[in-house]
Amino acid sequence: MGLLLAVDIGTTAIKYRVEEANNNRTLLSKSTRITTHLVGAYATQNPTKILEQLKKDIVEISRNYSNIDTIALSTAMHTLIPVEQEQLPQEMFLWSDNRSAKVIDDFKQDKEKSRLFYQKTGTPIHPMSPFAKLLYFRLSEEAWYQRVTEWLDIKSLISRELTGETVVDYSVASATGIFNSHQLEWDQEILSFLMLDEKKLAKVVHPKTRLVLKQEMIEKLGVSVECELLIGASDGCMVALGSFNQTKSPLTITLGTSGAVRLLSSVRTLSSEENTFCYYLDEEQWVIGGPTNNGGRVFEWLSELFYEDKETLFSKLSDLPQVPHLIFMPYLQGERAPLWDSSQTGTFYGLTLQHKQPEMIQAVIEGVIFNLFYIFNQLSFSEKENTLVLSGGVFNNQVITQMVADIFQKKCYVSSQTEPTQGLKDWCFLVEINEIDGEYYEPSKLKKEYYEEKYELFCKYLHTPVCCKP
């Protein structure tokens, strides 16, 4: 049996794992950074450079593992790539590209249409989505908008390069805001509203679809002559799947540069407030939740504020003081869930001359976690779901991980086997998990009252009409 190369293309890095089915073991794990260009409200990457880096990395990996017969792919959500004629695309818009904020604010004034589009797609109406960016370009750059011959994403761009077929999976499509996840097809009413021809979009397929690699690509990459591409799903959905298969818990929290709270569900469930997402994963598997803009990037900002770099903060978190009345609203990058308002800003409440560096650090970390807890409380969970599965680089820090357990008052599990590549592996090998290599964190009852009182204050300020407005 050949090997699996599981590839996860996130917002900040491409991660690779080479997996062997016979012995259920990982032979290689590595990653490559991705450069993001941030200028004002613009957030873009160069998709052609990502594609070239991907091929270069696979060539290097296959020198030692030439019998790779499956490449399985998970990718970030909300990417949008305009293609003009036969030109190589040089710009990919990310979820964090915020230039469509005013357009979306205006669109949401039509509450009936906004609600209808949300119900069709399961994607909240927000500048993060390709729908928002398409609407922005249709209104502000109409001549160029019509000149674009294709609107792709990073998944369909890679699929075309490796197999010759331009396809995207239902899971990634679910996060575009233009895909009808009832009917599993591009929504014609939304496309008409955008004045967008479906022929300019990738073909949508099931996430478990397999495509044969082009002969020239097999030769170039150095993989097995029988190598196939498993289209896979979005990174968030694969995290939910891998985490569930490890622990049988449907609850996951990811905290990397940004963050998300997710519930793996057997039914498609939308919020009456239109403030949670619902993305397709598989038959009778949906991922429901809310994403936050303000995760690890807030901690990096804090570290840069007080220290020399982005990382020093994480070594300074032991013995932080309790600060009962100091609250931080962490909306330094606007916010998706729970507010869905890109104009939100960060704010301290209760800050006095008595508060020094340690108190401010404690309040900022609490603020990020309180925000996740607020998102969590908007979702529907049963009491038996007592374990939170945590993933993302922030949870390499034990102090922050324990704080999550204490604030949520739930047992938390951290493992290296809850990344998107684990979900891809589970799909490919259908291996029963017998041993888990993670660590559990039990909530402290001693801090329960302190965090409950502070969370009440957080909610009070969150619902203040002038909260966090510039």
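How many aromatic pairs does a search of the whole structure find?

A: The search finds 31 aromatic pairs. Rings of Phe, Tyr and Trp (its six-membered ring) pair if their centres lie within 6.5 Å; planes under 30 degrees apart count as stacked, over 60 as edge-to-face and the rest as tilted. Take Trp301 and Phe328. Their ring centres are 6.2 Å apart and their planes meet at 10 degrees, so this pair is stacked. The two residues sit 27 places apart in the chain, Trp301 in helix H11 (residues 296–306) and Phe328 in strand E20 (residues 327–330). Helices (H or I, at least four residues) and strands (E, at least two) are DSSP runs, numbered from the N terminus.

Before going on, a word on the source. This is a predicted model: local features need pLDDT of at least 70, side-chain atom pairs count only at pLDDT 80 or more, and totals for chains, interfaces and linings use all residues. Residues are numbered from 1 along each chain as its sequence is written, and side-chain values use heavy atoms, with hydrogens and water left out.

Back to the pair. Trp301 is partly exposed, at 28% relative accessible area. Phe328 is buried, at 2%. Buried means under 20% relative accessible area, exposed over 50%, and partly exposed in between (1.4 Å probe, protein chains only).

Ring pairs also build a cluster. It links Phe370, Phe373, Phe376, Phe408, Tyr450, Tyr451, Tyr455 and Phe458. Follow Phe408. Leaving aside neighbours within four places in sequence, Phe408 is in contact (heavy atoms within 4.5 Å) with Ile253, Ile369, Leu372, Phe373, Phe376 and Leu388.

Phe408 also belongs to the largest nonpolar core, which has 150 residues. There, Phe408 and Trp151 touch the most other members. Helix H12 (residues 357–378) gives the most to this core, with twelve residues. A nonpolar core is a set of buried Ala, Val, Leu, Ile, Met, Phe, Trp, Tyr and Cys residues joined through side-chain atoms within 4.5 Å.

Now move to strand E16 (residues 251–255), which pairs with E17 in the antiparallel sense over five bridges. Two strands pair if DSSP finds at least two bridges between them. E16 and E17 form a hairpin with three residues between them. In this pairing, Thr254 stands opposite Ala260.

With strand E19 (residues 285–292) it pairs in the antiparallel sense over seven bridges. Here Leu263 stands opposite Ile288. Strands of a sheet pair through backbone hydrogen bonds, either parallel or antiparallel.

How enclosed is strand E17 (residues 259–265)? Seven of its seven residues are buried, so it is largely enclosed by the rest of the structure. Both faces are covered. On one side lie Gly259, Val261, Leu263 and Ser265. On the other lie Ala260, Arg262 and Leu264.

Last, the cysteines. The structure holds zero disulfides, a disulfide being a pair of cysteine sulfur atoms within 2.5 Å. For Cys227, the nearest cysteine sulfur is that of Cys428, 11 Å away. Cys227 is buried, at 0% relative accessible area. Cys278 is also buried, at 0%. Its sulfur is 9.0 Å from the closest cysteine sulfur, in Cys237, which is too far for a bond.
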